Amino acid sequence: MQIPVEGFMYPNEVELQWSVLIVLYPFLTGLVAGAFILASLERVFMVKAVKPTYRLALLTALAFLIVAPLPLQLHLGHPERSFEMYLTPHRSSAMAMFGFVYLWYLLAVLVVEIWLDYRRDIVVMSQGTTGWKRLVYRVLTLGSTNISEHALHIDERVGWLVTVIGIPSAFLLHGYVGFIFGSVKANPWWSSPLMPVVFLFSAMVSGIAIVMLLYMLMCRVRREPIDMDCVDTVAKYLFYTFIIDFSLEMLDLIHRIYEADESFRSLDFMVHTRLFLSQVVIQILLGTVLPILLIGLTQVVKLAATQRKRIYVAAGCLTMIGIFAMRWNVVIGGQLFSKSFLGYTTYKMGFATREGLLTAVVLTVLPFVILGVLVKLLPPWPEKKSALSSVAAAAYGAD
Amino acid sequence: MKAFKDAGHLFRLASVFLVGGVLFLALRGFLVPRSFGQYGHYRGNAIKETAALPISYAGHQVCESCHADILEVKSKGVHKRVACEACHGPLAKHADDPASIQPAKLDTAVLCVRCHEANLAKPKSFPQVVSAEHSGGAPCDTCHQPHSPAIVAVAGASQ
Amino acid sequence: MNMTRRQLLILLPAAAVAWKSILAGTPEASPNYTMTEHWWGMLVDITKCIGCGSCVRACQMENQVTDGYFRTWVERYHVSDYDIENPKVDSPDGGKNGFPPAAVSDGKNFFVPKMCNHCADSPCTQVCPVGATFVSPDGVVLVDQKYCLGCRYCVQACPYGCRFVDPKKETAQKCTLCYHRITKGLTTACCENCPTGARQLADLKNPNDPIHEFLRTHAVQVLKPYLATRSKLFYNGLDGSVR
């Protein structure tokens with residue numbers, strides 16, 4: 001397969017090293033970090049209005065976190081050797097820390113927080129269900145059915161502590177993804193101390209947007225009214241983080257244009273040609289400026305609830321596209337130009353290949369499937385009054 | 001005492017993590033390659049494995065130990081620093097077993113122009129020709145002897 | 001070849017002895033090579049390079065490099081005196097089969113052989129997550145083929161484009177400075193086969209190596225010095241337009 005090249009590339013540079021799967025990876029971890037930070041708003045920063053999204057945000061974070069390492073794993077030349085990252089992590093490598101930050105975040109933060117928050121429900125359901133479900137819940141109780149008021153109080157306190165630890169952990173999880181790119185001094189498109197910060201804020205933007213969309217979708221599926229106070233508050237936070245994110249990205253851009261170092265002409269050419277659609281049109285105009293304007297409108301003008309809902313859905317979807325485009329432009333864009341600054345190559349995405357489009361689509365859908373299972377297993381909304389509460393009462397009685 | 005009892009589930013969770021951690025450390029001790037860390041943060045044996053790869057080009061010293069006559073011709077001409085295998089190709093197998101493995105005959109019409117075809121980017125002092133004009137397609141060894149290419153004998157005869 | 005069968009038979013044992021002495025020099029078996037006594041690098045004299053591609057071919061043969069990928073390659077620069085910052089560069093098939101005649105005759109034209117710089121502060125080994133690539137005690141950047149994950153981070157981190165992932169082995173590949181040769185007293189395949197001596201293997205720890213005299217008396221440069229990789233691939237006659 002001949003890859004079209006313009007100008008001169010070092011001969012080994014013609015083929016791209018990191019594919020669409022590596023675009024997906026920061027996108028997915030970004031959603032994890034962002035969703036968690038939204039959850040922490042309620043828990044730590046006492047923004048009570050977003051309470052209805054709290055559990056959903058946690059489950060969303062977990063679903064995406066479970067899938068996040070899969071694109072990396074599929075991309076490796078030798079996936080069977082990936083455990084070496086735990087055996088002999090190289091201290092000078094940002095990537096080596098991935099395994100540990102990931103495990104820490106998955107096990108010490110998310111799983112513990114969800115477990116503590118759901119423990120009462122788990123115990124109740126382990127007694128109110130039958131068959132395999134009962135078995136699952138029983139394993140999840142770890143053999144302790146103590147849901148006395150005092151025990152739950154302890155859970156509440158410990159859960160709070162875990163969330164407090166979780167916030168810097170979420171920052172670490174996604175900040176370090178930015179660092180993986182930002183620390184490559186060979187690549188001027190990546191090499192920037194702003195990279196981790198930009199990644200972090202874009203992660204928060206995408207995480208907040210996806211939880212907002214999912215919450216509205218779930219309300220619709222369950223034929224329940226949307227808590228507009230909650231969605232308005234989420235949208236407000238989306239608006240503020242988005243403005244910070246956009247300012248940082250523009251700062252990076254303006255800094256590059258003003259400094260105009262040796263790589264500038266090459267990168268500038270790339271942005272005006274190969275990356276014009278994905279960077280200027282999709283990422284900046286459609287994916288950032290437009291949603292900011294849309295949500296900004298709701299902040300300035302008083303609109304009816306239906307109109308606000310429509311605007312939030314439109315802005316949320318645009319945001320998701322914009323953030324995905326941002327990851328694309330960083331990962332793919334950073335490999336399209338030669339490190340000699342003398343030429344450009346082309347990214348050819350396969351379809352049904354190991355790193356092709358089909359794999360990427362499956363990996364994008366997978367977290368939603370996992371989320372579906374999680375929601376079935378651990379319903380994020382208050383249980384319907386009738387069925388479970390009687391069992392709960394029974395459980396209290398038995399205790 | 002009550003606090004201890006009501007936090008019992010937390011201790012259960014902690015012990016699950018503890019078991020996991022101990023299992024990981026045990027596995028790690030078992031799985032890390034023996035020579036890892038011998039010289040630095042890598043497998044020391046990797047150096048030996050790289051050093052043990054097979055050789056294809058024997059090196060001109062080995063050629064010269066047999067082909068002393070060629071060496072003598074070559075050392076008097078401008079090609080004295082050109083290694084044998086630069087033209088003849090990799091011949092470690094021949095050096096290993098000279099009787100049964102013989103190098104292929106070379107075609108000077110193809111061989112010489114690799115270096116001597118004129119190109120603007122070549123250093124000006126390097127002898128180069130436009131082969132089509134220079135020899136009209138005749139193989140170079142019609143006139144030049146590759147091991148010592150200066151046409152001394154012919155020049156002497158014509159004088 | 002004017003050699004009788006008789007002469008050949010007489011000379012054979014000599015060849016056998018020479019060859020055996022090379023093979024005996026494997027580090028495990030021989031006391032001849034001590035890693036800590038060497039610090040390898042290379043000298044490339046651009047003023048001598050004729051762009052014949054011998055080094056590229058020799059490297060591919062010696063190291064079974066997959067077609068289309070390069071552990072060493074040769075670039076041809078064309079620098080116009082009216083636009084010295086924008087050179088025109090080409091490297092058809094890595095310069096393996098030489099170069100076609102230049103299209104334009106103005107300006108400055110020259111060849112630049114490229115390969116791993118065997119940096120002492122190598123950005124590629126820094127980023128390897130598992131320790132599958134490293135600077136050996138004698139200063140050669142190597143890849144552990146049995147340990148490499150194929151994550152390609154090192155390929156991204158190399159500023160010189162010297163690494164690639166082999167499509168069959170799925171591991172990172174690069175110039176080994178012919179480690180299997182230099183540890184046995186031979187020079188690298190590219191240096192051995194360079195007809196003009198434009199490439200010279202250099203042992204910087206050996207005070208008698210001609211590299212020291214050369215470095216003392218020539219204006220020598222490395223590629224992208226601002227990246228501070230402590231490259232050990234020294235260029236003589238390197239034009240400012242080369243990147």
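Visitor: What makes helix α2 of chain C, residues 54-63, a mostly covered helix?

Guide: In this predicted model, nine of the 10 residues of α2(C) are buried. A residue counts as buried if 20 or more other C-beta atoms lie within 10 Å of its own.

Visitor: Which residues of α2(C) are buried?

Guide: They are C:Ser54, C:Cys55, C:Val56, C:Arg57, C:Ala58, C:Cys59, C:Gln60, C:Glu62 and C:Asn63.

Visitor: What covers the buried residues of α2(C)?

Guide: The cover includes elements from two chains: α6 (84-88) of chain B, and β2 (72-79), β4 (108-115), α6 (189-193) and β9 (199-203) of chain C. After the helix comes C:Gln64, which has a positive phi, near 45°.

Visitor: Why is β4(C) called largely enclosed?

Guide: Seven of the eight residues of β4(C) are buried, so the rest of the structure largely encloses this strand.

Visitor: How many helices and strands does chain C have, and what percentage of its residues count as buried?

Guide: Chain C has seven helices and 11 strands. Of its 243 residues, 55% count as buried. Among the contacts in chain C with a separation of 6 or more, 64% are made by residues 24 or more positions apart.

Visitor: What domains does the assignment give for chain B?

Guide: The assignment gives domain 1 (2-51), domain 2 (55-104) and domain 3 (105-150). Taken over C-alpha atoms, the centres of domain 1 and domain 2 of chain B are separated by 54 Å.

Visitor: How many residues do chain B and chain A give to their contact?

Guide: Chain B gives 14 residues and chain A gives 13. On the side of chain B that touches chain A, α1 (2-6) and α2 (8-31) of chain B are the elements that give two or more residues. The largest share, eight residues, comes from α2(B).

Visitor: What classes of residue make up the side of chain B that touches chain A?

Guide: That side has seven nonpolar, three polar and four charged residues.

Notes:
Residues are numbered from 1 along each chain as its sequence is written. Chains are lettered from A and ligands numbered from 1 in the order in which they are written. This is a predicted model: local features need pLDDT of at least 70, side-chain atom pairs count only at pLDDT 80 or more; totals for chains, interfaces and linings use all residues. Domain bounds come from an automatic or database domain assignment. A residue is buried if 20 or more other C-beta atoms lie within 10 Å of its own, exposed if 12 or fewer, and partly exposed in between; C-beta atoms are placed from the backbone. Helices (H or I, at least four residues) and strands (E, at least two) are DSSP runs, numbered from the N terminus. Two residues are in contact if their C-beta atoms, placed from the backbone, lie within 7 Å. Ala, Val, Leu, Ile, Met, Phe, Trp, Tyr, Cys and Pro count as nonpolar, Asp, Glu, Lys and Arg as charged, and the others, Gly among them, as polar.
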